[in-house]
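I opened this structure today and kept notes as I went. Here is what I looked up, in the order I took it.

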Amino acid sequence: LLWDPKTHTVSHRLEGRGMGKGTAVAASDSLVAAACTALDVRLWRPDGTSVHQLPVRSAINSVAFSVEGMLAAAAEGGLHVWPDPIRGGPKVTAGACLSVAFSPDGSRLACGFRDGGVLIQKTADASFERKLQGDVNLLRSLAFSPDGNLLAASGNGPAVLLWTLEPPSRRELKDRGMGWIDAVAFTPDGKYVVSVGRDHHV
């Protein structure tokens with residue numbers, strides 16, 4: 001569903017087969033993508049027009065757009081990347097993964113794995129840049145800071161993992177009584193990391 005935040009009503013209903021497990025909106029606001037349990041990624045225009053259907057043939061966990069319109073899907077069959085989701089086929093560049101996130105400038109793509117690892121690759125040529133390792137497994141959510149130098153992750157544990165890319169370091173953000181964290185995001189000014197957990201707290 002596409003909601004109008006001013007009127008608090010549904011502006012468009014995007015129809016597709018299967019349950020959605022992740023959504024993303026292109027930076028240009030020209031496309032909306034949804035990962036479906038029907039083993040494909042659906043693309044729509046914001047006016048509700050169906051544009052394309054990208055077969056993945058394995059369970060999809062997360063989708064993300066880069067600032068330049070590249071689309072990535074984290075799937076059980078591997079990391080699928082479409083340089084042009086309308087015209088080109090996918091490049092499968094990594095093993096089964098749970099989450100994806102592009103850096104704000106689109107130069108890096110991060111992929112979270114079941115073992116708590118995060119693979120970062122360069123989008124220009126899909127080359128490996130580095131692997132980060134955390135103490136929390138099943139990383140279902142990733143987020144870059146607005147300046148691209150911090151990466152936050154969450155999974156099956158009561159902590160947010162926070163990596164600084166340059167110079168390299170890692171911290172854990174915890175608070176008493178926190179449950180498992182399902183999703184993380186940075187505020188637009190980069191001052192805060194926002195998390196939502198299974199204890200119903202933000």
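**Entry 1: the pocket**

I began with the lining of the largest pocket, where β19 gives the most, with 5 residues. The model I am reading is predicted. I noted the pocket's volume as about 320 Å³. In total, 21 residues line this pocket. I then asked which residues lie nearest its centre. They are L142, A143, F144, V184 and A185. Next I listed the elements that give two or more residues to the lining, and found β11 (99–102), β15 and β19.

**Entry 2: V100**

I moved on to V100, which sits in strand β11. Is V100 buried or exposed? I put V100 down as buried, because its relative accessible area is 6%, and the cut-off for buried is under 20%. Leaving out residues up to four places away in sequence, I found that V100 touches S62, V63, A64, A72, A73, A74, L79, L109, A110, C111 and L142. One of these contacts, L142, took me back to the pocket, as L142 is among the residues nearest the pocket centre. I also checked V100 against K131, 31 residues away in sequence. Their C-alpha atoms are 14 Å apart.

**Entry 3: salt bridges**

How many salt bridges does the structure hold? I have 10 in my notes. Side chains of opposite charge can pair when their charged atoms come close.

First, E76 and R114. Their side chains meet in a salt bridge, N to O at 2.9 Å. The two residues are 38 apart and come from distant parts of the chain. E76 is in the loop between β8 (71–75) and β9 (78–82), and R114 is in the loop between β12 (108–112) and β13 (117–122). E76 has 31% relative accessibility, so I marked E76 as partly exposed. R114, at 43%, is partly exposed as well.

Second, R130 and E166. The closest N and O atoms of this salt bridge are 2.8 Å apart. This pair also links distant parts of the chain, 36 residues apart. R130 belongs to strand β14 (residues 128–133), and E166 to the loop between β17 (160–164) and β18 (169–173). R130 counts as buried because its relative accessibility is 17%, whereas E166 is partly exposed at 45%.

Third, D182 and R140. Here the closest N and O atoms of the salt bridge lie 3.4 Å apart. D182 is in strand β19 (residues 181–186), while R140 is in the loop between β14 and β15 (141–144). The two are 42 residues apart, and the pair links distant parts of the chain. D182 is partly exposed, with a relative accessible area of 29%. R140 is partly exposed at 29% too.

Most residues other than glycine have a negative phi, and most peptide bonds are trans. I went looking for exceptions.

The peptide bond that joins E166 and P167 is cis, with omega about -10°. P167 lies in the loop between β17 and β18.

A126 is not a glycine, yet its phi is positive, near 60°. I placed A126 in the loop between β13 and β14. A126 has a relative accessible area of 33%, so I noted it as partly exposed.

L138 is another non-glycine residue with a positive phi, about 55°. L138 is in the loop between β14 and β15.

**Entry 4: S107**

My last stop was S107. Where does S107 lie? I found S107 in the loop between β11 and β12. S107 is partly exposed because its relative accessible area is 33%. The side chain of S107 makes a polar contact with the side chain of D105, at 2.8 Å. Not counting residues up to four places away in sequence, S107 touches Q121, K122 and T123. I also looked up E68, which is 39 residues from S107 along the chain. The C-alpha atoms of the two are separated by 9.7 Å.

Terms used: Residues are numbered from 1 along each chain as its sequence is written. This is a predicted model: local features need pLDDT of at least 70, side-chain atom pairs count only at pLDDT 80 or more; totals for chains, interfaces and linings use all residues. Side-chain values use heavy atoms; hydrogens and water are left out. A salt bridge is a side-chain nitrogen of Lys or Arg within 4 Å of a carboxyl oxygen of Asp or Glu. Helices (H or I, at least four residues) and strands (E, at least two) are DSSP runs, numbered from the N terminus. Buried means under 20% relative accessible area, exposed over 50%, partly exposed in between (1.4 Å probe, protein chains only). On a 1 Å grid over the protein atoms alone, a cavity is a set of points where a 1.4 Å probe fits but cannot get out, and a pocket is an open set with protein on both sides within 12 Å along at least five of seven lines; lining residues have an atom within 4 Å of a point. Grid points are joined across faces, edges and corners, and a volume is the space filled by probe spheres set on the points. Contact means heavy atoms within 4.5 Å. A polar contact is a pair of N or O atoms within 3.5 Å; within protein, one must be able to donate a hydrogen and the other to accept it, and residues adjacent in sequence count only if both atoms are side-chain atoms.
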